[in-house]
Amino acid sequence: MRVALLSVLDRQTGPQQVPAPFRLLAGARLVERQLDIALAAGCETIACLAQAVGREVIELQHRAEAAGARFIALHEPRKLSGMVSASDELLVMAPGVLPEEEAVLRQLAKPGVLVFPEDPAVQRGYERIDAHFAWAGVLLTRGQAVEQLAQLPDDVDTPSALLRIALQSGTRTYPLETRLLDEDIWLNDPAPEQLAVRERSWVAGHADVAPFKAPGLAVAERMGARLARDTMRGNLARFLALGSAAAAVLALAVAVFGWLVPGFGLAAVAALLFAMEAVVRRVSSAGQVRPRVPLLVQALAILIDPVIVLLIVLASPEDTAWLRLFVPAVLFGLLHLGERLAQRDWRRSYADRVMLTALLIPAALFGVIQPAAAVVALGVLVSLFLTAPPRG
């Protein structure tokens, strides 16, 4: 079993400063980012050294338990001996360090100490371990190291003590690229400017916005990514989901009363807000092992398409009988088929409901919604032959 040891005991921070473990990056505290990496590394139990169990530690506990991990807050490091057996592995992260997840998962498949060259790491506050290297703030050691830790005084710097124990037991060191320091990817006690740089790259890397082959989604998701940068750790995703649901309900309501063009306009707004919500949620939950998807979002993912189908039905002439439902059903069937069969860079095009509803607005205005939907369906059918990957 793997156990993670985190710490919010920051002895370097002045009384007027926010402790390094509690500084925010992309809406989450640095210690919460450490927790996400520990969970991704397979840790089933999370131990956190804390002077007191405040709001930050409680929220950290909720984040760990939501991912299915056991969480224990500790004041005395010697209590680790009751949690970690000699056969376990202990993942240790120094307080205020923000590692790169990929490097940790790649290098620490087995016990080891991650290090940087002493120049420039020591100048950036990393702990020197010898003439050539400094500790990067992350290590994986055998559980038996905890037995030696229990023999040390209670006021010992626990992560540093475990580092010395691991090195003395012959644990291998793994040098990391200095690029991680130069590009502000791997941080230690970061300044606000470093966090701002890292946050911009974090949002850009996790937003995963659609290419302009899906123009409606491309615009909506870029709007969502920009809002995500400005409103971290808020309720923006929830408000966008509620707005999308309200727009979808209003779209049906006004269409039933014969206002078809406003109905399609509201449907386009619903699709736009839903696409923006997906990006904001993707950025805010990035790094979490099991991010929770709200029930409203799950419902919207299912119901957006039926809403547009019903709008097409309501806008079609009554004398077309079964064609009123058949044409939109074929259209959306082909769109979902395209999402499954098309080449990767074209799949988002078939999922672009923002562009689809925008195309249908002028058709509804001129009363040719059914022919327009049929033409779009035919275009989707032809495109499938062009975008489907070739058979090997």
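Helix H10 is followed by glycine 258, whose phi is positive, near 95 degrees. The model is a predicted one, in which local features need pLDDT of at least 70, side-chain atom pairs count only at pLDDT 80 or more, and totals for chains, interfaces and linings use all residues. Residues are numbered from 1 along each chain as its sequence is written, and side-chain values use heavy atoms, with hydrogens and water left out. Helices (H or I, at least four residues) and strands (E, at least two) are DSSP runs, numbered from the N terminus.

**Helix H10**

- The 21 residues of H10 (residues 236–256) should span 30 Å at 1.5 Å a residue, and the end C-alpha atoms are 30 Å apart, which agrees. The expected span of a helix is 1.5 Å times one less than its number of residues.
- Buried residues of H10 include Leu236, Leu240, Ser244, Ala248, Val254 and Ala255. Buried means under 20% relative accessible area, exposed over 50%, and partly exposed in between (1.4 Å probe, protein chains only).

**Helix H13**

- For the 19 residues of H13 (residues 323–341), 1.5 Å a residue should give a span of 27 Å; the end C-alpha atoms are 26 Å apart, which agrees.
- Arg324, Val327, Pro328, Leu331, Phe332, Leu334, Leu335 and Gly338 of H13 are buried.
- Seen down the axis of H13, the buried residues fall within an arc of 150 degrees, so they line one face of the helix. The arc is that of the directions from the helix axis to the C-beta atoms.
- The partners against which the buried residues of H13 pack are H12, helix H14 (347–350), H15 and helix H16 (369–387). Contact means heavy atoms within 4.5 Å.

**Packing of H12 and H15**

- Helix H12 (residues 295–315) packs with helix H15 (residues 353–365) at an angle of about 10 degrees, and their axes are 12 Å apart. Axes are lines fitted to C-alpha atoms, for helices over the stretch in contact, and angles run from 0 to 180 degrees between N-to-C directions.
- H12 and H15 are therefore roughly parallel to each other. Angles under 35 degrees count as roughly parallel, over 145 as roughly antiparallel, 65 to 115 as roughly perpendicular and the rest as oblique.
- H12 contributes Ile304, Asp305, Ile308 and Ile312 to the contact, and H15 contributes Arg353, Thr357 and Leu360.
- By class, this contact has four nonpolar, one polar and two charged residues. Ala, Val, Leu, Ile, Met, Phe, Trp, Tyr, Cys and Pro count as nonpolar, Asp, Glu, Lys and Arg as charged, and the others, Gly among them, as polar.
- Threonine 357, in H15, is buried at 0% relative accessibility.
- The C-alpha atoms of threonine 357 and isoleucine 308 are separated by 7.6 Å, with the two residues 49 apart along the chain.
- Leaving aside neighbours within four places in sequence, threonine 357 is in contact with Phe264, Ala267, Ala268 and Ile308.

**Other residues in helices**

- Arginine 33 lies in helix H1 (residues 30–40) and is buried, with a relative accessible area of 2%.
- Not counting residues up to four places away in sequence, arginine 33 touches Leu25, Ala26, Ala28, Arg63, Leu98, Trp202 and Ala286.
- Arginine 347 lies in H14 and is partly exposed, with a relative accessible area of 33%.
- Beyond its neighbours within four places in sequence, arginine 347 is in contact with Gly338, Glu339, Arg340 and Ala342.
- Arginine 347 and leucine 337 are 10 residues apart along the chain, and their C-alpha atoms are separated by 9.6 Å.
- Alanine 275 is in helix H11 (residues 260–284) and counts as buried at 7% relative accessibility.
- From C-alpha to C-alpha, alanine 275 and arginine 353 are 9.0 Å apart in space, and they are 78 residues apart in sequence.

**Backbone features**

- The peptide bond from aspartate 119 to proline 120 is cis, with omega near 25 degrees, and proline 120 is in helix H4 (residues 118–121).
- Aspartate 184 has phi near 55 degrees, a positive value in a residue other than glycine. Aspartate 184 is in the loop between helix H7 (179–182) and strand S12 (187–188), and is buried, with a relative accessible area of 17%.
- Aspartate 208 has phi near 50 degrees, also a positive value in a residue other than glycine. Aspartate 208 lies in the loop between helix H8 (192–207) and helix H9 (215–230), and counts as partly exposed at 47% relative accessibility.
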